[in-house]
Amino acid sequence: MTSSYFAPLLSELSTRAARATISKLGFSNPSLRRHLLEVFARGYGQPGCFLGDPVFEATFGWKQADTALVDLGGKLIHPALVEAMNNPWGESAKDYQFPREARPYTHQLEAWKALSEPDYRSVVVTSGTGSGKTECFMVPVLSSLAAAAAQRQKLEGVRALFLYPLNALIQSQRERLRAWTGPFGGGVRFCLYNGMTPEEAKADKYRSAPNEVHDRKTLRQSPPPILVTNPTMLEYMLVRAQDAPILEKSKGMLEWIVLDEAHNYTGSQAAGVALLLCRVLHAFGSKADRVRFIATSATIGSDDGDAKLQLQEFLAKLAGVHSDRVVVVEGERHVPQVNDPIAPAHPVSLEALAGDPDDTEGRYRRLSTHPVSRGIRDLFVPAVSKRGFQPLSAIKRYLQAARCAHDDEAALAWLDLLTNARSGEGRVSKTFLPLRVHAF
């Protein structure tokens with residue numbers, strides 16, 4: 001058989017939770033301990049088991065646009081930014097290079113087009129992890145700043161506000177911002193403002209990274225066009241007297257408000273953010289109809305046919321704008337076609353389908369013609385099943401209908417097998433069914 005991943009991982013999570021609970025409760029009666037272990041060992045998602053029904057998400061690559069980045073220079077993106085992304089700055093430059101010849105994803109291009117319209121449209125970007133959601137808003141923002149810098153404007157005052165729910169997410173953007181603003185030599189600056197921002201930084205900080213505002217003193221003296229912060233810090237900034245210069249020097253300049261990881265804002269928290277944004281607009285002297293709002297959310301889909309309308313309403317209510325100004329941009333997976341004819345149904349063991357552990361190409365061919373493996377794959381193809389994710393229980397139901405073993409162990413064995421079949425090499429290689437598991 002091939003190497004397994006999902007089966008041992010989920011089993012270990014469930015077993016450790018059960019053993020830790022029994023140990024913590026301190027039951028000494030052997031019969032009671034044995035009974036509880038049996039209850040806790042029930043199938044995933046069943047009463048007693050600590051692990052919910054695992055959800056598997058297909059991770060096929062994202063659809064690419066037909067246009068390269070260089071072809072967008074001077075149209076959707078300022079040429080100086082195209083060059084900055086092609087030749088980023090700093091120690092992590094190679095990690096953030098966006099080559100001139102590279103083609104963006106279709107949802108990135110769609111977001112760039114919507115955000116370049118003169119009528120101040122707002123955008124909700126909903127797509128999976130690793131789909132380049134950050135580029136959806138960062139490229140238009142930096143492009144507008146690059147255009148202003150090219151006209152020799154002094155970029156002082158906050159024009160773009162990036163709101164993140166967690167400090168860790170704020171820190172994760174530092175290297176990307178350094179890489180893409182560095183080529184402008186301090187003409188396009190940013191600041192990461194949270195509780196860890198010092199009152200005053202040493203001069204060598206500015207010598208090593210002049211494109212970043214490193215301390216609160218400089219932030220107040222000369223606010224940069226990009227301010228990255230969290231809702232709590234923003235609340236403080238609106239009421240603290242010492243932060244008043246940031247607002248005064250940014251009056252009427254705010255044009256962009258980004259809510260990253262917007263799915264974190266639900267219920268009363270969403271209401272709080274909506275009120276906060278109203279106060280922000282008032283404090284910065286800006287009007288909602290002259291600001292582009294962008295919300296991003298990593299989701300694994302929805303069964304609701306009105307999901308797009310709900311996302312429009314979500315951002316419209318948060319931002320205080322009409323829903324017809326909100327554009328929903330969804331990432332779309334590129335699913336490689338499997339055109340091999342399906343062989344007549346006949347029982348074949350998983351061991352026979354797997355074959356030699358190193359023969360991933362042969363395994364891919366065998367799975368491509370097998371009715372069960374093709375059926376499982378189709379469950380994750382949106383064009384067939386309407387969604388790119390499935391709970392383990394759905395895989396078990398399919399196996400039962402196909403008259404195969406359909407317990408947790410058998411279903412996970414199939415998924416492990418399908419993720420261990422690859423065809424081709426390098427950039428043109430493809431996995432029969434690439435998956436990510438969400439365990440709760």
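Contact here means heavy atoms within 4.5 Å. The model is predicted: local features need pLDDT of at least 70, side-chain atom pairs count only at pLDDT 80 or more, and totals for chains, interfaces and linings use all residues. Residues are numbered from 1 along each chain as its sequence is written, and side-chain values use heavy atoms, with hydrogens and water left out.

**The whole chain**

- The protein chain holds 20 helices and 13 strands. Both are DSSP runs, numbered from the N terminus: helices are H or I with at least four residues, strands are E with at least two.
- The C-alpha trace spans about 70 × 60 × 45 Å along its principal axes.
- The protein chain has 440 residues, and 47% of them count as buried. Buried means under 20% relative accessible area, exposed means over 50%, and partly exposed lies in between (1.4 Å probe, protein chains only).
- Take the contacts between residues at least 6 apart in sequence: 73% of them join residues at least 24 apart.

**Residue L277**

- L277 sits in helix 13.
- L277 has a relative accessible area of 1%, so this residue is buried.
- Leave out residues up to four places away in sequence, and L277 touches L163, I257, L259, L318 and A319.
- A288 is 11 residues from L277 along the chain, and their C-alpha atoms are separated by 9.3 Å.

**Helix 5**

- Helix 5 covers residues 106-116, and its buried residues are H107, Q108, L109, A111, W112, A114 and L115.

**Helix 1 and helix 2**

- The axes of helix 1 (residues 6-25) and helix 2 (residues 30-40) come within 10 Å and cross at roughly 150 degrees. Axes are lines fitted to C-alpha atoms, for helices over the stretch in contact, and angles run from 0 to 180 degrees between N-to-C directions.
- Helix 1 and helix 2 are therefore roughly antiparallel. The cut-offs are under 35 degrees for roughly parallel, over 145 for roughly antiparallel, 65 to 115 for roughly perpendicular, and oblique for the rest.
- Helix 1 passes helix 2 in a right-handed crossing. A crossing is right-handed if the near helix is turned clockwise from the far one by less than a right angle, and left-handed if anticlockwise.
- S14, A18, T21 and I22 of helix 1 make the contact with R33, L36, L37 and F40 of helix 2.
- By class, this contact of helix 1 with helix 2 has five nonpolar, two polar and one charged residues. Ala, Val, Leu, Ile, Met, Phe, Trp, Tyr, Cys and Pro count as nonpolar, Asp, Glu, Lys and Arg as charged, and the others, Gly among them, as polar.

**Helix 11 and helix 13**

- Helix 11 (residues 231-239) and helix 13 (residues 267-284) have axes that come within 11 Å and cross at roughly 40 degrees. That makes helix 11 oblique to helix 13.
- The crossing of helix 11 with helix 13 is left-handed.
- P231, L234, E235, M237, L238 and V239 of helix 11 meet L276, R279, V280, A283 and F284 of helix 13. The residues of this contact divide into nine nonpolar, no polar and two charged.

**Helix 17 and helix 19**

- The axes of helix 17 (residues 371-378) and helix 19 (residues 392-401) come within 11 Å, crossing at roughly 145 degrees.
- Helix 17 and helix 19 make a right-handed crossing.
- In helix 17, P371, V372, G375 and I376 meet I395, Y398 and L399 of helix 19. This contact has six nonpolar residues, one polar and no charged.

**Positive phi values**

- Most residues other than glycine have a negative phi.
- E261 has a phi near 55 degrees, a positive value in a residue other than glycine. E261 lies in the loop between strand 7 (256-259) and helix 13.
- K386 is not a glycine either, yet its phi is positive, about 75 degrees. The loop between helix 18 (382-385) and strand 10 (389-391) holds K386.
- K386 counts as exposed because its relative accessibility is 70%.

**Cysteines**

- A disulfide is a pair of cysteine sulfur atoms within 2.5 Å, and the count by this rule is zero.
- C191 has 0% relative accessibility, so C191 counts as buried.
- C278 has 48% relative accessibility, so C278 counts as partly exposed.
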